[in-house]
Amino acid sequence: MEDASRRTTLKALGATLGAAAFARAMAPLAAWPEDLSIDELLQRHYKELSRDDMVRVLRRLEQETLDQYGAVVTIDDVRPIPEVQFGYALNLSVCVGCRKCAEACHVENNHDRATNQSYIRVLEIKNGSVDLAMGTVDYDHAVPKKGRSYMPVQCHQCDNAPCVSVCPIEATWKEPDGIVVVDYNWCIGCRYCEAACPYHARRFNWHKPEIPAEEINPDQAYLSNRVRPQGVMEKCTFCLHRTRKGRLPACLEACPTGARVFGNMLDPNSEIRWVLENKRTFVLKEDLGTRPRFFYFFDK
Amino acid sequence: MPLFTALTLFLACDQGFVDPSREYGPPVPDAPAKVSRVHVPTSLGAVDTPRRDIHGAPIGVSCATCHAGPGEDAIVVGDNGNPEQMHGTIELLHGGLACDACHEPTDRRLLHLADGAKLEMAEAMQLCAQCHGPQARDYQKGAHGGMTGYWDLRQGERVRNHCVECHAPHSPKPPQVQPAPRAVDRVVFPASETH
């Protein structure tokens with residue numbers, strides 16, 4: 001009898017502990033965010049999605065944009081063009097610091113309107129140096145100011161990208177055409193990549209972006225300019241939703257001085273190759289060994 | 001051996017996509033290449049009047065409106081011997097050049113090169129190029145001047161800016177402009193004066 005009683009007691013104790021542990025483990029479900037669907041929770045990593053999965057995800061995201069922003073958009077999974085390696089060069093001799101590139105980026109990539117965010121920061125630096133620490137990005141006077149030069153900085157799409165290697169969950173990676181991308185649905189927002197980037201090229205979505213429906217750019221891609229959720233990282237993608245369809249990036253088209261040169265570095269007749277072979281080019285912080293694909297050059 | 005195969009398969013899967021059909025987009029056909037053409041602005045062969053359109057841009061009047069053909073006799077609208085009256089909006093700040101250095105004296109609808117060869121207004125870039133060689137070379141190579149359209153001429157055409165779209169021919173140095181608004185960033189960079 002005593003044995004049976006002891007066994008029953010232990011059983012009850014075990015069951016109680018088990019139930020408590022189970023309740024504890026399930027506790028996060030009580031704090032289920034309202035805007036998180038089961039489909040989103042169970043969505044796999046971008047690279048593991050089959051073609052059919054991808055289509056389902058894209059339609060879901062389009063529906064979410066319609067529900068949350070009232071905008072009808074098309075989100076595509078735009079993949080790289082075979083035998084293309086993107087490169088970008090910027091002529092510091094002619095840049096006047098007008099921020100038209102940043103403005104175009106803001107519009108093209110569906111950035112939050114209130115913060116006027118964009119993937120490009122234009123540094124104003126004193127002539128005769130590339131001293132970033134002494135540069136400013138908040139100038140508000142007529143440009144170009146005498147004795148100052150201007151240096152737009154955006155993602156350099158490094159071949160040895162520190163942001164990619166620090167990501168604890170492989171939510172960011174380098175694509176076959178050289179573009180470093182983020183799966184916004186996989187990112188947990190730890191911001192390690194923001195800290196790792198020596199060019200300060202990554203942005204964090206502190207808030208849910210707010211954009212009026214009529215201002216949303218409806219031409220979107222999963223890995224680039226779709227409206228990002230709150231709490232994830234984002235970055236310049238060389239406008240892959242445009243450039244992977246052969247078009248020029250929005251910042252290049254907007255540049256009123258023609259300071260920007262973009263193209264396929266594998267094509268020996270491309271403009272970017274001519275610049276790399278004939279101009280005095282340099283990369284920012286070369287000593288760090290990040291091997292950027294974004295080059296600066298001078299006319300003289 | 002099965003272990004080795006399994007390991008290879010695992011590594012292969014880890015490197016690429018589970019669905020290889022998604023790795024690249026559709027191949028771009030080597031279709032007839034599109035062209036990269038130069039946009040010819042309407043401001044060529046026109047002179048600004050003091051009148052403005054609804055965007056605040058000056059309204060131009062074509063040279064041919066007054067200069068209908070070759071020779072002085074071809075002036076349709078007289079200026080009473082006072083060219084400044086019709087050309088008053090022009091501020092000539094181009095390296096001390098005189099009007100006739102570029103404009104053809106015997107036919108004001110045209111330009112002329114340094115050797116005297118007459119040139120249509122639409123071909124003004126040749127005229128620019130004879131003095132601005134390095135810029136003309138860079139332009140030809142795609143490293144100078146703005147553009148819109150496609151980097152990939154297999155997929156679409158490119159439209160390149162004409163010289164005069166950025167450099168007013170009579171005063172080529174671009175004026176100062178007010179920059180677009182800055183981002184309201186959480187990170188504040190130190191001002192260079194106070195740092």
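User: How much of chain A is buried?
Analyst: Buried residues account for 43% of the 300 residues in chain A; buried means 20 or more other C-beta atoms within 10 Å of the residue's own, exposed means 12 or fewer, and partly exposed lies in between, with C-beta atoms placed from the backbone. This is a predicted model, in which local features need pLDDT of at least 70, side-chain atom pairs count only at pLDDT 80 or more, and totals for chains, interfaces and linings use all residues. Residues are numbered from 1 along each chain as its sequence is written, while chains are lettered from A and ligands numbered from 1 in the order in which they are written.

User: And Arg60(A), where is that placed?
Analyst: Arg60(A) belongs to helix α3 (residues 51–69) of chain A; helices (H or I, at least four residues) and strands (E, at least two) are DSSP runs, numbered from the N terminus.

User: Why is Arg60(A) classed as partly exposed?
Analyst: Because 15 other C-beta atoms lie within 10 Å, Arg60(A) is partly exposed.

User: Switching to sheets: what is the strand order in the open sheet of four?
Analyst: The order is β10-β2-β12-β11 (chain A), with mixed pairing; two strands pair if DSSP finds at least two bridges between them.

User: Which strands stand at the edges?
Analyst: β10 (260–264) and β11 (280–282) of chain A do; each has a single partner strand, so one side of each is left without a neighbour in the sheet.

User: How many bridges join β2 to β10(A)?
Analyst: Five bridges join β10(A) to strand β2 (residues 86–91) of chain A, and the two run antiparallel. Phe86(A) stands opposite Asn264(A) in β10(A).
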